[in-house]
Amino acid sequence: MTTQGTNYTMDHAGPVSQLQPGDLAEPDVKQFLGKNLGLTGCEASVTRLAPGMPSKFVHAHTRNEELYFVLRGNGLFYVDGEEFPVQEGHVIRVAPKGVRAMVAGDHGMNVICIQAE
């Protein structure tokens, strides 16, 4: 349910652990939040990765920087061929041209991503 105030919008995405597949198939379940929140300067999404599974694709952007917040679990993050471990509490900034991907650890991983120009 979305609530609109004079200078705010609130939406309840629900528990990340209970995200259900929509247009995207398992094991990578992503829910974009921008449309419901009326975002105009950024995009936000929450993602649930099943244990041991990678994100859907390796990608980069032309103009958009991304901030990834690991909310739960652990895994590996890849940027420009460099691999490093991540866990709950890590925040990773990736420049637009950084080629990025992630793989969940043995217990899965829940991530929120904020993308801005």
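Is Phe-77 buried or exposed, and at what relative accessibility? In this predicted model, Phe-77 counts as buried, at 1% relative accessibility. Phe-77 also belongs to an aromatic cluster and is listed among the residues with the most contacts inside the largest nonpolar core.

**Aromatic rings**
- The count of aromatic pairs in the structure comes to two.
- One of these is the edge-to-face pair of Tyr-68 and Phe-77, with 5.0 Å centre to centre and 70° between the planes.
- The angle of 70° is classed as edge-to-face because that class takes planes over 60 degrees apart.
- Tyr-68, like Phe-77, is buried: the relative accessible area of Tyr-68 is 5%, and Phe-77 stands at 1%.
- A single aromatic cluster is formed by Tyr-68, Phe-77 and Phe-84.

**Nonpolar core**
- The largest nonpolar core comprises 13 residues, and those with the most contacts inside it include Tyr-68, Val-86, Ile-92 and Met-102.
- Two or more residues are given to this core by each of β5 (65–79), β7 (91–94) and β8 (100–116).
- The largest share, five residues, comes from β8.
- In soluble globular proteins, nonpolar side chains tend to be buried together.

**Surroundings of Tyr-68**
- Beyond its neighbours within four places in sequence, Tyr-68 is in contact with residues including Phe-77, Ile-92, Val-94 and Met-102.
- The contacts of Tyr-68 also include His-59, His-90, Arg-100 and Cys-113.

**Cysteines**
- Zero disulfides are found in a search of the whole structure.
- Cys-42 is partly exposed, with a relative accessible area of 31%, whereas Cys-113 counts as buried at 7% relative accessibility.

How values were computed
Residues numbered from 1 in each chain as written. Predicted model: local features only at pLDDT ≥ 70, side-chain atom pairs only at ≥ 80, totals over all residues. Heavy atoms only, no water. Phe/Tyr/Trp six-rings, centres within 6.5 Å; stacked < 30°, edge-to-face > 60°. Buried < 20%, exposed > 50% of the residue type's maximum accessible area, 1.4 Å probe, protein only. Disulfide = S-S within 2.5 Å. Core = buried A, V, L, I, M, F, W, Y, C linked by side-chain atoms within 4.5 Å. Helix = DSSP H or I, 4+ residues; strand = E, 2+ residues; numbered from the N terminus. Contact = heavy atoms within 4.5 Å.
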